[in-house]
Amino acid sequence: MRLGKKNSFIFLLFLFSQVVFSKDGSSLSISLTNNNNPMQASMVLTDPSGRKTGININNNLKAKQIPYSGGSFNYISNDETDDPINKGSMDISILKFPSSGVYKLEIFAISNTTYSLLIGGTDTNYNPITDVLIDGFITISSTIQYNLSFDPTPGAPAPILKKEVNFQLLRDDINVAYKLNQIGEEKFANSLIKMINMAEKVYDRCEKTDKKAGEKKCYRPAMSVLSMFVKRLEIANKKCDKSAACDEEKEWNNFHNKYVKDKDLKEFFSEWEKDEWHKYKKSCKRFVSEEALDIVSSDVNWYVKGIGEEAWSEYKKEHKPYISSKTKEQFK
């Protein structure tokens, strides 16, 4: 009996040693940057087990629960004043044994700003994992959430990122872009927000009033409005100059002819024809920066993908959405 117990102990010790001293080169790294000095945004990462690492800049909450992880702000400072002299960044790293599964990444801000995320790491054989780069807008005191699927197994896909987008986030995008001078004057920005409001209204009315809404797929009329919304951004980006020498009428006519008989859009057409935008559209400055076009159109795409793959497939086929070269991997 004693010999049996001793052998069992040695066997268990051997297994433990294999776990502790196994060579695992996996890691996960996330870098958050923006154009403000000092940093106006921060992030918190939650692993598949619910443990957190990072900083919430809104309430100065700091966490370091994920094993082998760390989070920090970084910038180069003036030697005499210690003031930041370059754009700052925040980094979160898991240096060993990051878990496979879905991570929640939350971004917080204390001002209206842009941000860029760079996500990478290594697999268990120390091989670099393909980087994922994404840009976004965030408004003061708000939270942006991404779901990150990560697998350090050699040969596994690169990290897969999904952004949680709703109509309010689309409104925030336009407000931030306007305040950062990336969209034309206020009347133009307001007309874009009006379209988002109307897309939401169309969707909500269908969901609340149609007993067979599930079969009817209420997202379809809302997607049509959002598609025209993005088309207006494209026109302002590619065809307008700052004297507003652009014309949306051709696209509006195409949209009207295609959907005017759709009863779900009847209220939309009636409301839009009465909108005050028509008083100002010939004199209002309209422009959209390349960055704003990329971010806002991507968020519309994220919104549709969030409905489901069937909706996304229909949207791609029916509306041929704008997909920038930077985001083509995310919206195949």
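Let me start with a pair: glutamate 318 and lysine 258 join their side chains in a salt bridge, with 3.1 Å from N to O. By salt bridge I mean a side-chain nitrogen of Lys or Arg within 4 Å of a carboxyl oxygen of Asp or Glu. This one connects distant parts of the chain, since glutamate 318 sits in helix 10 (residues 309-319) and lysine 258 in helix 6 (residues 249-259), 60 residues apart. Helices (H or I, at least four residues) and strands (E, at least two) are DSSP runs, numbered from the N terminus.

A quick word on what you are looking at. This is a predicted model, where local features need pLDDT of at least 70 and side-chain atom pairs count only at pLDDT 80 or more, while totals for chains, interfaces and linings use all residues. Residues are numbered from 1 along each chain as its sequence is written, and side-chain values use heavy atoms, with hydrogens and water left out.

Back to our pair. Are its partners buried or exposed? Glutamate 318 is partly exposed at 42% relative accessibility, and lysine 258 is partly exposed too, at 48%. The cut-offs here are under 20% relative accessible area for buried, over 50% for exposed, and partly exposed in between (1.4 Å probe, protein chains only).

How many salt bridges does the structure hold? There are 16. For those who like the background, side chains of opposite charge can pair when their charged atoms come close.

Here is another one to find on your screens: arginine 171 pairs with glutamate 200, and their closest N and O atoms are 2.9 Å apart. Arginine 171 belongs to helix 2 (residues 167-179) and glutamate 200 to helix 3 (residues 186-209), so this pair ties together parts that are 29 residues apart in sequence. Arginine 171 counts as buried, because its relative accessibility is 13%. Glutamate 200, at 23%, counts as partly exposed.

Glutamate 267 and lysine 201 form a salt bridge at 3.2 Å, N to O. Glutamate 267 is in helix 7 (residues 266-273) and lysine 201 in helix 3, and the two are 66 residues apart. Glutamate 267 is partly exposed at 33% relative accessibility, and lysine 201 is partly exposed at 35%. These two are also part of a network of salt bridges that links Lys201, Arg205, Glu267 and Glu271.

Now to the pockets. Rolling a probe the size of a water molecule over the atoms shows where empty space is left. On a 1 Å grid over the protein atoms alone, a pocket is an open set of points where a 1.4 Å probe fits, with protein on both sides within 12 Å along at least five of seven lines; lining residues have an atom within 4 Å of a point. Grid points are joined across faces, edges and corners, and the volume is the space filled by probe spheres set on the points.

The largest pocket has about 440 Å³ of space. It is lined by 17 residues, and closest to its centre are Val132, Pro159, Ile160, Glu329 and Gln330. Strand 9 (128-138), strand 11 (160-163) and helix 9 (290-307) each give two or more residues to that lining, with strand 9 giving the most, 4 residues. By class, the lining has 8 nonpolar, 2 polar and 7 charged residues. Ala, Val, Leu, Ile, Met, Phe, Trp, Tyr, Cys and Pro count as nonpolar, Asp, Glu, Lys and Arg as charged, and the others, Gly among them, as polar.

The second largest pocket has a volume of about 300 Å³. Of its 17 lining residues, Ser227, Met228, Lys231, Glu251 and His319 lie nearest the centre. Helix 5 (219-238), helix 6 and helix 10 each supply two or more residues, and helix 5 has the largest share, with 6. That lining divides into 7 nonpolar, 4 polar and 6 charged residues.

Last, some backbone angles. Which residue has a positive phi near 60° without being glycine? That is tyrosine 68, in the loop between strand 4 (61-64) and strand 5 (69-74). Tyrosine 68 is partly exposed, at 46% relative accessibility. Lysine 320 also has a positive phi, near 45°. You will find lysine 320 in the segment after helix 10, and at 66% relative accessibility it counts as exposed.
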